Amino acid sequence: MYLPRRLWGVLFLDELPEFSRDTLEVLRQPLEDGRVQISRVAGTVVYPSQFMLVCAMNPCKCGWYGYDDGRCRCSQRDVERYRSRISGPLLDRIDLQVDVPALSYEELSHRKPGESSAQIKERVERARERQRQRYQGTGVDCNAHMGQPELSRYCVLDEAGNTLLRQAFERLGLTARSYDRILRVARTVADLEGAEQISALHLAEAIGYRTSKYFK
């Protein structure tokens, strides 16, 4: 049984390392294939499982790692053990890995007005419409679902982009999976800016989303 790829919902996991390792590793197949396959003696059943995974976690068990006031009581070994609950293969399937540092009092008390939700929504809808038009008749509905034919056609890099991605690949030890995922994210960044071609700046932003300081 095979169902078309489509987004069925959002799975939000708070305090990600608090889930058991086995539970988290089970997510790898549906994140990659958009389906869950269960095999038993009587046969095999495949269920659709297309979703967007959103996770949140603290930098350490107590949550205070990185503060300069000494509130964190975790040893370096404790910190490493806590983060090691998230395996490399699972991280490799998470496109955006964003560190959110604590704000100072000055930053909180002098906040500047930001872009409104309505403006963000409008920009996202424009980008999604570009994708719908681009993939019309291909069976692909958005950048996240591009296969190799679409990556080769719509994620062509210029010389600067190729050089940047080659350097990142060698320096960060990227995998083939992360290579493709960076291209998909870069294509989305370009769409959000209304750009036809992926530039080195779009690519640099996509690479930056895979360089969390907590998972070096």
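How are H9 and H10 oriented to each other? They are oblique. The model is predicted. This briefing covers that helix pair, then the salt bridges.

**Packing of H9 and H10**

- Two packed helices are described by the angle between their axes and the distance between the axes.
- Helix H9 spans residues 176–192, and helix H10 spans residues 200–208.
- They pack at an angle of about 125°. Their axes are 8 Å apart.
- An angle of 65 to 115 degrees would count as roughly perpendicular, and one over 145 as roughly antiparallel. H9 and H10 are therefore oblique to each other.
- The crossing of H9 past H10 is right-handed.
- H9 brings Ile182, Leu183, Val185, Ala186, Val189 and Ala190 to the contact. H10 brings His202, Leu203, Glu205, Ala206 and Ile207.
- By class, the contact residues are nine nonpolar, one polar and one charged.

**Lysine 61 and glutamate 18**

- Lysine 61 and glutamate 18 form a salt bridge, with 3.1 Å between the closest N and O atoms.
- This pair links distant parts of the chain, 43 residues apart.
- Lysine 61 sits in the loop between strand S4 (52–55) and helix H3 (76–83). Glutamate 18 sits in the loop between strand S1 (10–13) and helix H1 (21–25).
- Lysine 61 is partly exposed, at 48% relative accessible area. Glutamate 18 is also partly exposed, with a relative accessibility of 41%.

**Arginine 21 and glutamate 25**

- A salt bridge joins the side chains of arginine 21 and glutamate 25, at 3.8 Å from N to O.
- Both residues lie in helix H1. They are four residues apart, so about one helical turn separates them.
- Arginine 21 counts as partly exposed, at 42% relative accessibility.

**Aspartate 95 and arginine 210**

- Aspartate 95 meets arginine 210 in a salt bridge of 4.0 Å, N to O.
- Here too the pair links distant parts of the chain, 115 residues apart.
- Aspartate 95 is in the loop between helix H4 (88–91) and helix H5 (105–109). Arginine 210 is in the segment after H10.
- Buried means under 20% relative accessible area. At 13%, arginine 210 therefore counts as buried. Aspartate 95, at 25%, counts as partly exposed.
- Both residues belong to one network, joined by salt bridges that share partners. The network consists of Glu32, Asp92, Arg93, Asp95, Arg177, Arg181 and Arg210.

Methods
Residues numbered from 1 in each chain as written. Predicted model: local features only at pLDDT ≥ 70, side-chain atom pairs only at ≥ 80, totals over all residues. Heavy atoms only, no water. Axes fitted to C-alpha atoms, helices over the stretch in contact; angles between N-to-C directions. Helix = DSSP H or I, 4+ residues; strand = E, 2+ residues; numbered from the N terminus. Parallel < 35°, antiparallel > 145°, perpendicular 65-115°, else oblique. Left-handed = near helix turned anticlockwise from the far one by under 90°. Contact = heavy atoms within 4.5 Å. Nonpolar A, V, L, I, M, F, W, Y, C, P; charged D, E, K, R; others polar. Buried < 20%, exposed > 50% of the residue type's maximum accessible area, 1.4 Å probe, protein only.
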